[in-house]
2 protein chains.
Amino acid sequence: MSANGAGTADHGSRGRIDKRRAIVDAAFTVFARAGYEQASVQDIADEAGVAKPTVYNHFPDKDAVLTAAVTAAARTLLAENLAVVEQLRETDAPLEPALRAVATGLQQVCGSPRAHALRRITYSQLNRQPELIDIVQARTWGRVAQALADRLACLSLAGRLRPLEPAQAAEQLLALLSAPIENRSRLGSRPVPAGESAAIVDAAVDTFLRAYHHVELTSADELAAPLRTTAAALADRRRPEGVQA
Amino acid sequence: MSANGAGTADHGSRGRIDKRRAIVDAAFTVFARAGYEQASVQDIADEAGVAKPTVYNHFPDKDAVLTAAVTAAARTLLAENLAVVEQLRETDAPLEPALRAVATGLQQVCGSPRAHALRRITYSQLNRQPELIDIVQARTWGRVAQALADRLACLSLAGRLRPLEPAQAAEQLLALLSAPIENRSRLGSRPVPAGESAAIVDAAVDTFLRAYHHVELTSADELAAPLRTTAAALADRRRPEGVQA
DNA sequence: CTTATACTGCACTCACGGGTCCAGATTGAT
DNA sequence: ATCAATCTGGACCCGTGAGTGCAGTATAAG
């Protein structure tokens, strides 16, 4: 496994590892800049400081280069996002500032050029390489939403958020953060002023807390069922959180 | 204006109008199916039941065909969306059902194959034709958000929603509706079960109303009911299933 | 130092598709 | 019926880029 993200069992061990890494990095840069079809393999080779046949010594074809580049980028993005979400582990901190910090971090990652490029590439390759979607989704939205859902479930159990469906709440918070940014930035083609970004974060956190902040009026027995649901879902997902061997 | 959406002042009046319309429709179909680069002009001509030179008699080049196709699709989508939002004009109807109806309609339009195709094409052409983004944004999100903001502002003034920033609230409602659908459908590459769609709508309306309803909700009943329905609908959500390397 | 493996630069083949030209058939208008 | 504009089918030119082959060179291991 190691760094061989693409389905290139044949070419996985071939060649020098530093060249391979250079090619993958360069490929994402070039694909992000020009799109898959407009980016020629020669462009990628130039960007990587490598000869074209070297590219074909590491990958069977252009598609495999794309898969490797996208997979690597998705992995990086996932790590960044998970690191941000983990900040919610400190359940002692005041809720609203903590949530705001996490929201700011998530929004910075989701609004980063790399994330936008990944989205764009994934969209444009929907028809050509449907498997890319699953790679990206699994490592980006799906996984992040899961991690966030876990944190929210804990906060709910701790009585700091009202009883909720963790996955749904996480999905909504992410939606409130990412969709407005996506549209303000013209799908990632122009930067969003820092002030606007902050306003979106504030609005998202505000709306989220209004909808999910713990309410004292509710009687305990009415909350029992959803609480049990929450607990079950939490227990269900607690295990795969760790890194695989 | 009129039917000449593209910047083809020269070719705008050339040729027979029915052929032109057939070409535009076919172009969107083919572009949606195969993507811009993979779709050949011959494919478009075949789909339209027309000879290739006829295409070039109506449009100067392939780019212009794309622009016309995208513009037409965006216009159609805008009309559908606006019609849905206008349902909120009846300020006498009970708020929550009305909002739910509008949300359902918006989500159907935003989740339609045509809308997904439009998003995909726009994303993939970000670098080649940046002007497409503005065309699509102006006729889709921007305009719909504006119309929705108008309605929400009226509802707020009428005391049926709390005081709010209209544009922001509209943006958030759209986010709650569209982002989850986009992700559940794998960016539009697979249909979303009707039950899930309905659950997303319910959750979005619920969250929106919790955040923006002007005063008293909520007996514990109202809190718990939507939770149970969505929990049932989400019961089959994808399992974590170990992450592959 | 030797050797195997990988990288380089270049030239090459080949398929594909954008865009054009032309001769002949069709069509709408007068 | 006649004419002009348009459509049709097919052939055609040409640029581009994926992928390969080869001869020579750098490089890590023994």
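This is a predicted model: local features need pLDDT of at least 70, side-chain atom pairs count only at pLDDT 80 or more; totals for chains, interfaces and linings use all residues.

Q: How far apart are the end C-alpha atoms of helix H6 (residues 113-124) of chain B, and what span should its twelve residues have?
A: The expected span counts 1.5 Å for one less than the number of residues. On that basis the twelve residues of H6(B) should span 16 Å, and this agrees with the distance between the end C-alpha atoms, which is 16 Å.

Q: Which residue has a side-chain N or O atom 2.8 Å from a phosphate oxygen of DNA strand D in chain A, and which in chain B?
A: A phosphate oxygen of DNA strand D lies 3.0 Å from a polar atom of Arg16(B), but that atom belongs to the backbone. With an N or O atom of the side chain, a distance of 2.8 Å to a phosphate oxygen of DNA strand D is found in chain A for Lys62(A), and in chain B for Thr54(B).

Q: Which element gives the most to the surface near DNA strand D?
A: Two elements give two or more residues to the surface near DNA strand D, namely helix H3 (52-58) of chain A and helix H3 (52-58) of chain B. With four residues, the element that gives the most is H3(B).

Notes
Residues are numbered from 1 along each chain as its sequence is written. Chains are lettered from A and ligands numbered from 1 in the order in which they are written. Side-chain values use heavy atoms; hydrogens and water are left out. A polar contact is a pair of N or O atoms within 3.5 Å; within protein, one must be able to donate a hydrogen and the other to accept it, and residues adjacent in sequence count only if both atoms are side-chain atoms.
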